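Welcome to this short tour! Open the viewer, turn on the cartoon view, and get ready to select a few side chains.

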Amino acid sequence: MAIASKHVSTAAAIKLRRAQEASQAMKDHEAERLAVRAKTERLRAERLAREAANPPQPKKKKR
């Protein structure tokens with residue numbers, strides 16, 4: 001009987017650890033997503049400001 005209860009408690013501990021790891025992984029993923037979004041917004045703003053300061057020259061047509 002002691003072996004069965006030890007097995008159940010070990011399984012419960014494993015299940016709890018996996019749930020905690022999954023929760024942490026989701027938090028890490030969300031933080032990474034937010035960081036990428038912030039970086040993208042910053043780079044887009046820089047590009048738009050650069051293009052407004054120096055509009056791209058129209059390309060010449062090849063004959």
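Let's start with a term: helices (H or I, at least four residues) and strands (E, at least two) are DSSP runs, numbered from the N terminus. What you see is a predicted model, where local features need pLDDT of at least 70, side-chain atom pairs count only at pLDDT 80 or more, and totals for chains, interfaces and linings use all residues. Residues are numbered from 1 along each chain as its sequence is written, and side-chain values use heavy atoms, with hydrogens and water left out.

Of its 63 residues, 0% count as buried; buried means under 20% relative accessible area, exposed over 50%, and partly exposed in between (1.4 Å probe, protein chains only).

Next come the salt bridges, each a side-chain nitrogen of Lys or Arg within 4 Å of a carboxyl oxygen of Asp or Glu. By this rule there are 5.

Select R17 and E21. They form a salt bridge, with the closest N and O atoms 3.7 Å apart. Both lie in helix α1 (residues 2–53), 4 residues apart, about one turn of the helix.

Now move to R33 and E30. Their side chains meet in a salt bridge at 2.8 Å, N to O, and in helix α1 they are 3 residues apart. R33 is partly exposed at 40% relative accessibility, and E30 is partly exposed at 34%.

Last stop: E46 and R42. Here the closest N and O atoms of the salt bridge are 3.1 Å apart. E46 and R42 are separated by about one helical turn because they are 4 residues apart in helix α1.
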